[in-house]
Structures are given as structure tokens and as C-alpha cells.
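Here is a briefing on selected helices and loop residues of one model. Have the sequence and the coordinates open as you read.

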Amino acid sequence: MTQIFLSTWGQNDNIGDSILRRGLLRSFQEMDGVELHVHVGRREPGESNDEGYLSALGLRGDEVLYDRTIDWLRGASTRVFAKRTIIVLPAGEIVYPKFGKRMVAAGNLLMALAPRVRGGTALQVGAGVRMSSVGEQAKAGTRRVSDVVAVPMLERVSRRAMAMVAWRDSATRRSFGVGDVLPDWAFGEGADPRLGGLGPAPAQRKLLAVTTRWDRGELTGDKIAQLHRLADRHDLTLQVYSQVRRDREHTVRLAQTLHPGTEPVLFEDQSHAEWEHQVRALHRQSAIVASDRAHALIIGATEGAVPVAISNWTTEKPGAH
């Protein structure tokens, strides 16, 4: 039996993170004859994943679960010499620490090489490097997503030692100089369009759903006017909502500006599974989803809405996706 080590840890308040990691996990759950070792992060220092986050992952119950990164790494390091092992590096956004890039690179090189001892390998599928700044950092000079980010040499070496490397954007591929480009895992989630379609055509829908990041400030007057023109042109009702819990206060202010008197739809104490269900239902009623959050646009697209990237800062990341 082959053992597979992968991580589903993500931001506890962001359904985009649980959705994309469910896609990653599901692809390996569909394989026969494998033993899954999954890092879920329930006791992860700094930001743990609670049961609400885990509700959306699609765990079957037969996986070996790890609540901390250190335990998952320890499990991989002790088992890799016992049987054939595949180590799957995390999907989602790669954020290099300000200090310690080389240590991270050395660790990834070790994970790429160690499984070879028993005929295994390592994979990196569905990740991308953070290539633009937000909030106060962005004011100092926003880096375009199309720029090539300097990654440590050992990082590039480690990916060349893996059996498969596929990034979620072409800019990351250019930065590493290796690999293919595949859609983000979240594109494969939601209802199967081959079975139930994508719902009513956009022309038959009545909403324009809007959600934006808290750390990019209030939308400027011209962006607000643009949304109103878009809604008027297509006879749509504006509806602000929050995909991410930390956006809530920002979302309330945006609703007061964009559609005074109509309450925003807020991600509060719902589980990830519950909130994903509500957001997908909202998107099924929406002709357009406007956002600077890539996964809001991806979820909207998978529910048949037209995605429109809008932001005070660069929209190249969601555009690239």
C-alpha cells in the first residue's frame, strides 16, 4: 500500500481555502490502495482550523489525521523509510517568510528526495506564490502579479526532483522555471455542470453580488459608480456579502455605501459547509459576481455567474485565475 501525506490546513475564516483543499484531498481519495495521512491543523499554533473549517473538507473518516504541522512532518519522516510514500506539498498560496526562506527551501528539497528511498516521490499541484502586496504595503508600491518573484535556488532544485509540478498561475511557473499550469482546485468543486448544468443563464438572474477585501480599503467613488452602472445596465439588484469572516466590518460599510437600507449577507458563526452552501445559493441567483477575492470569482463562475474583478489595487491575481 502507498501512503500519501498531504495538508488541508488553510485560513480558518476563509471558505475559499477549505474549498480548494477539498479538491486536492478528493483527488487522492479517489485512488485505490492508498493510505491518506492528512494535516488538518486543529492544534496549529497561530491559526488553528476548527471543526467548522473541517466540515467542508469532505473527510471520509478513514484518513490518519494530524493536528499540527510538526506531527505531520514527524509522521512522514518516520514512515518514509518503511513503505512507498508520496508527499504532496500544500496547495494554495505560497507565502515565504521574511526570514528563513532558505530553511523552507531546504526542507522542501528534503521532502522531494526522501520518498525516493522506497520508490516514492513528491508532488506540487495547485499552488502559487504571493506576488502582490495589499493594504499599507501596497501603498508603498504594488508589485504586479506578472512579475517574476525571486525564489531560493533550492526551491527550484526541489521542484525539478518531483514527479509532477503544476502551478495555478503562469507567473509562479516563470518564477520556478519548471512545471505546468492547471486551474485552481476550487474550479472542480460545486455541482457537476455535466449533470445539473450551471443554473439559469445570467440574463435570467436578478442579482449583482459584491464582496471585497478588508485590507484594500473602501472602494473609490469611481468603482462604486461603475458597479451602479453595471447593475442599472442589466437591471440587477446589488447585494454585498462577505466570503471571509475578517471582511465583515468592511462589508457592512460597503453595503451602507453601495445599497443603503439593504443589509449585507455576512459570514458569522456558520460552519464552512453551511456558509459555502449559502454563498453558492447566492451565486446561483447572481448574474454577476464582482470581487477582488479570487475564490469569490471562481465560486461564482462555477455557479454560472459572470465574474468581474474589481479593486482599488491590482486585479491581476484574480484575472490570472
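This is a predicted model: local features need pLDDT of at least 70, side-chain atom pairs count only at pLDDT 80 or more; totals for chains, interfaces and linings use all residues.

Residues are numbered from 1 along each chain as its sequence is written, and side-chain values use heavy atoms, with hydrogens and water left out.

**Helix α11**

- Helices here are DSSP runs of H or I with at least four residues, strands are runs of E with at least two, and both are numbered from the N terminus.
- Helix α11 covers residues 272-284, 13 residues in total. From first C-alpha to last it reaches 18 Å, close to the 18 Å expected at 1.5 Å a residue. The expected span is 1.5 Å times one less than the number of residues.
- The buried residues of α11 are H272, W275, E276, V279, R280, L282 and H283. Buried means under 20% relative accessible area, exposed means over 50%, and partly exposed lies in between (1.4 Å probe, protein chains only).
- Down the axis of α11, these buried residues fall within an arc of 155°, so they line one face of the helix. The arc is taken from the directions from the helix axis to the C-beta atoms.
- Elements covering the buried residues of α11 include α1 (15-29), α2 (51-54), β9 (207-211), β10 (237-240), β11 (286-291) and α12 (294-302). Contact means heavy atoms within 4.5 Å.

**Helix α4**

- Helix α4 (residues 101-113) has 13 residues, which should span 18 Å at 1.5 Å a residue; its end C-alpha atoms are 19 Å apart, which agrees.
- A105, N108, L109, M111 and A112 are buried in α4. They cover an arc of only 160° around the axis, which puts them on the same side of α4.
- M103 and L110 are exposed on the other side of α4.
- The cover over the buried residues of α4 includes α3 (69-79), β4 (85-89), β6 (121-129) and α6 (153-160).

**Helix pairs**

- The axes of α11 and α12 cross at roughly 60° and come within 9 Å. Axes are lines fitted to C-alpha atoms, for helices over the stretch in contact, with angles from 0 to 180 degrees between N-to-C directions.
- On the α11 side, V279, R280, H283 and R284 meet A296, I299, G300 and T302 of α12. The residues of this contact divide into three nonpolar, three polar and two charged.
- Helix α9 (residues 221-233) packs against helix α10 (residues 248-258) at about 60°, with axes 11 Å apart.
- I224, L227 and H228 of α9 meet L254, T257 and L258 of α10. The residues of this contact comprise four nonpolar, two polar and no charged.
- In these counts, Ala, Val, Leu, Ile, Met, Phe, Trp, Tyr, Cys and Pro are nonpolar, Asp, Glu, Lys and Arg are charged, and the others, Gly among them, are polar.

**Loop residues**

- R293 sits in the loop between β11 and α12. R293 counts as buried, at 7% relative accessibility.
- Leaving out residues up to four places away in sequence, R293 touches N14, R213, W214, Q243, V244 and D247. R293 and Q243 are 50 residues apart in sequence, yet 8.5 Å apart in space, C-alpha to C-alpha.
- D235 lies in the loop between α9 and β10. D235 counts as exposed, at 60% relative accessibility.
- Phi of D235 is near 55°, a positive value in a residue other than glycine. Most residues other than glycine have a negative phi.
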